[in-house]
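Have the 3D view open as you read.

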Amino acid sequence: MAKDQSISGLEAVHKIQLHLLDGIRDEKQLFSSGSLISQSGYEDVVTERSISNICSYPLCRNPLPSEPRRRGRYRSFLKEHRVYDLQETNRFCSADCLINSQAFAGSLQEERCSFLNHAKLNVILSLFDDVDLADEGLEKNVDLSVFKFED
């Protein structure tokens, strides 16, 4: 992406969601996307990936199991004092992917912030375009927080 090219916040979120749908390479991409998307945006990604029969965790490329693991809607774990919705677990290939996805979703903001720092926004987007940041004249160790806070 060229340095002078500007992208709106909505376009950036849409682009990030498309990359998450296709699957991403590493946690750096996942965590940087977390500074742009909201919990509902991530839930959309989880749903779309499961509809495509792919594990809903964006870092996993495994297909979903061909048949559901358990009958019924809920499963309770007395030892943990928890009840799990099995429809949610059927979106993932393993318990690890479910736990990692829920942890990531819990770290996201409920609402997406409308005030974005466009320079940092472009750096985050470059992580998804396989652009070498040195070629663009950008620092590799830049703070990926895209929100502007006025003092």
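This is a predicted model: local features need pLDDT of at least 70, side-chain atom pairs count only at pLDDT 80 or more; totals for chains, interfaces and linings use all residues.

Start with helix α1, residues 9-22, and helix α3, residues 39-51: they pack at about 35°, and their axes are 9 Å apart. Their crossing is right-handed. On the α1 side, the contact is made by Gln-17, Leu-20, Leu-21 and Asp-22, while α3 brings in Gly-41, Asp-44, Val-45, Glu-48 and Arg-49. Sort those residues by class and you get four charged, three nonpolar and two polar.

Nonpolar side chains tend to be buried together in soluble globular proteins. Here the largest nonpolar core has 25 residues, and Ile-16 and Tyr-57 touch the most other members. Helices α1, α3, α5 (95-107) and α6 (118-128) each supply at least two residues of this core, and α6 gives the most, with five. Zoom in on Tyr-57: leaving out residues up to four places away in sequence, Tyr-57 touches Leu-30, Tyr-42, Arg-49, Phe-92, Cys-97, Asn-100 and Ser-101.

Next, find Ser-56, in the loop between α3 and β1 (74-77). Why does Ser-56 count as buried? Because its relative accessible area is 0%, and buried means under 20%. So what sits around the side chain of Ser-56? A polar atom of that side chain lies 2.9 Å from the backbone oxygen of Val-46, and the backbone oxygen of Arg-91 also lies 2.9 Å from a polar atom of the Ser-56 side chain. Setting aside neighbours within four places in sequence, the contacts of Ser-56 include Tyr-42, Arg-49, Ser-50 and Phe-92.

Note on methods:
Residues are numbered from 1 along each chain as its sequence is written. Side-chain values use heavy atoms; hydrogens and water are left out. Axes are lines fitted to C-alpha atoms, for helices over the stretch in contact, and angles run from 0 to 180 degrees between N-to-C directions. Helices (H or I, at least four residues) and strands (E, at least two) are DSSP runs, numbered from the N terminus. A crossing is left-handed if the near helix is turned anticlockwise from the far one by less than a right angle, and right-handed if clockwise. Contact means heavy atoms within 4.5 Å. Ala, Val, Leu, Ile, Met, Phe, Trp, Tyr, Cys and Pro count as nonpolar, Asp, Glu, Lys and Arg as charged, and the others, Gly among them, as polar. A nonpolar core is a set of buried Ala, Val, Leu, Ile, Met, Phe, Trp, Tyr and Cys residues joined through side-chain atoms within 4.5 Å. Buried means under 20% relative accessible area, exposed over 50%, partly exposed in between (1.4 Å probe, protein chains only). A polar contact is a pair of N or O atoms within 3.5 Å; within protein, one must be able to donate a hydrogen and the other to accept it, and residues adjacent in sequence count only if both atoms are side-chain atoms.
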